Amino acid sequence: TCAFAGQKKVLAAYEEAVKCGYSGARAGRLHTPHGVFDTPMFMPVGTQATVKAVSPRELKEMGAQIILSNTYHLYLRPGTELVAEAGGLHRFMDWDGGILTDSGGFQVFSLGPLRKITEEGAAFRSHIDGSTQFLSPEIAIKAQMNLGADIIMAFDECIPYPAEYQYAKLSTERTTRWAERSQKAHTRSGQALFAIVQGGMYQDLRRVSANDLVSLDFPGYGIGGLSVGEPKPVMYEMLEQTVPLLPENKPRYLMGVGTPDCLVEAVRYGIDMFDCVFPTRVARNGTAMTKSGRLVVKNAAYAKDFLPIDENCGCYACQNFSRAYIRHLLKADEIFGLRLTTIHNLYFLLDFTKKMRQAILEDRFLSFREEFLAQYCK
Ligand SMILES: CNc1nc2c(CCNC[C@]34C[C@H]5C[C@H](C[C@H](C5)C3)C4)c3nc(N)[nH]c(=O)c3cc2[nH]1
Ligand SMILES: [Zn+2]
């Protein structure tokens with residue numbers, strides 16, 4: 001079925017990126033077995049094979065192209081063999097767009113002291129039943145092949161922040177060895193394996209990591225180890241050091257980012273793909289994202305506000321419901337309230353990346369960025 005069978009290097013082939021005259025911003029098209037998708041793109045996150053509170057039909061309607069799922073969670077429950085028997089993740093969750101799975105490393109390492117890392121891999125305690133589990137490049141790749149995502153990630157260590165230079169160096173070198181082991185374990189054609197650049201907050205380690213992974217020749221590259229609590233200027237400095245070393249004709253995925261101000265800056269450096277739990281997570285505590293910043297719909301101020309969250313927004317929530325109604329639902333703990341704020345926040349970010357793409361294609365990205373940042377309070 002997969003047009004790219006046997007040519008996994010072609011899979012995430014990157015059509016001639018339309019480069020706007022300014023540094024790295026570009027608009028491209030990403031080829032996968034489940035379609036060709038426009039970048040820059042935001043990828044809604046679905047931890048346990050569902051984007052919380054919204055259906056695949058609603059995701060399609062709001063313009064989602066690729067969604068994220070997670071190996072760590074699905075490996076523990078219901079098990080990736082079960083998903084494979086169900087026909088793979090697309091069939092299991094009835095999503096015919098693109099799927100990207102993270103390798104599980106981030107969760108294992110963000111679970112803190114429960115873990116032990118060796119050359120072989122990472123031992124950790126399951127957050128579900130406390131059992132001792134183990135992930136390695138081979139196990140993580142096999143699990144992701146079972147899930148059948150269009151894009152899978154190499155098994156890596158997301159270096160905590162802050163980290164000593166020596167630790168960052170050793171960990172980054174190990175992540176490069178793990179990337180090679182991931183590549184050898186990856187035998188499923190029609191599925192793109194992306195490597196993940198590490199290096200902590202050290203310019204030289206970032207450059208070594210990027211160069212080593214580029215020479216291993218992957219169809220796309222994740223930029224990891226960022227958005228882990230470092231100041232934003234430090235994140236941007238690491239992007240400035242890393243992105244130019246990555247091949248122009250391959251997609252770049254900044255992992256775990258983020259808020260609109262971070263997205264517009266990262267696009268400026270040449271990032272194409274983003275994922276973040278923020279829009280769905282803050283929605284569940286009644287916060288809506290707008291171009292002027294956050295709007296806490298739950299606040300008493302909106303009790304008699306019969307306008308939509310954002311009257312210029314084309315989403316289902318803003319087209320049909322008022323702030324007063326959504327606030328009422330949230331106060332009453334009605335599930336529909338969470339659904340409406342989630343739909344709005346996902347639509348907002350998906351639409352925002354579409355607007356950035358349009359600005360790049362019309363060669364006015366710089367002024368788009370200036371106008372947006374002037375209005376958006378972080
Ligand atoms: C927030 N900052 C940040 N995230 C990061 C992630 C996870 C990306 N999101 C996938 C994920 C992670 C969780 C939450 C949801 C669902 C599922 C489990 C997959 C998104 C990262 N993932 C990997 N493999 N490596 C990183 O260095 C990394 C750095 C990050 N920095
Ligand atoms: Zn809306």
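In this predicted model, a polar side-chain atom of Asp156 is placed 2.7 Å from a nitrogen atom of ligand 1, a polar contact being a pair of N or O atoms within 3.5 Å. An N or O atom in the side chain of Asp102 is likewise 2.7 Å from a nitrogen atom of the ligand, and for the side chain of Asp275 the corresponding separation from a ligand nitrogen atom is 2.8 Å. The protein covers 90% of the 620 Å² of accessible area that ligand 1 has on its own, with areas taken from the Shrake-Rupley method with a 1.4 Å probe.

Ligand 1 is surrounded by 22 residues, each with a heavy atom within 4 Å of the ligand, and the closest are Asp102, Asp156, Gly225, Leu226 and Ser227. This shell consists of nine nonpolar, 10 polar and three charged residues, where Ala, Val, Leu, Ile, Met, Phe, Trp, Tyr, Cys and Pro count as nonpolar, Asp, Glu, Lys and Arg as charged, and the others, Gly among them, as polar.

The space taken by ligand 1 is the largest pocket, whose volume is about 670 Å³. A pocket is here an open set of points on a 1 Å grid over the protein atoms alone, where a 1.4 Å probe fits and protein lies on both sides within 12 Å along at least five of seven lines, and its lining residues have an atom within 4 Å of a point. Of the 31 lining residues, Phe106, Gln107, Gly256, Asp275 and Val277 are the closest to the pocket centre. Two or more lining residues are given by each of β5 (66–70), α6 (105–110) and α12 (278–283), helices being DSSP runs of H or I with at least four residues and strands runs of E with at least two. The lining divides into 12 nonpolar, 13 polar and six charged residues.

Several backbone features lie in loops. Most residues other than glycine have a negative phi, and most peptide bonds are trans. A cis peptide bond, with omega about -5°, joins Tyr161 and Pro162, and Pro162 is found in the loop between β10 (151–153) and α8 (165–185). Val257 and Gly258 are also joined by a cis peptide bond, with omega about 0°, Gly258 lying in the loop between β13 (252–254) and α11 (260–268). Ala53, although not a glycine, has a positive phi of about 80° and belongs to the loop between β4 (41–43) and α2 (56–61).

Residues are numbered from 1 along each chain as its sequence is written, chains are lettered from A and ligands numbered from 1 in the order in which they are written, and side-chain values use heavy atoms, with hydrogens and water left out. Local features need pLDDT of at least 70 and side-chain atom pairs count only at pLDDT 80 or more, whereas totals for chains, interfaces and linings use all residues.

Conventions. Grid points are joined across faces, edges and corners, and a volume is the space filled by probe spheres set on the points. A polar contact is a pair of N or O atoms within 3.5 Å; within protein, one must be able to donate a hydrogen and the other to accept it, and residues adjacent in sequence count only if both atoms are side-chain atoms. A molecule sits in a cavity or pocket if more than half of its atoms lie within 2 Å of its grid points.
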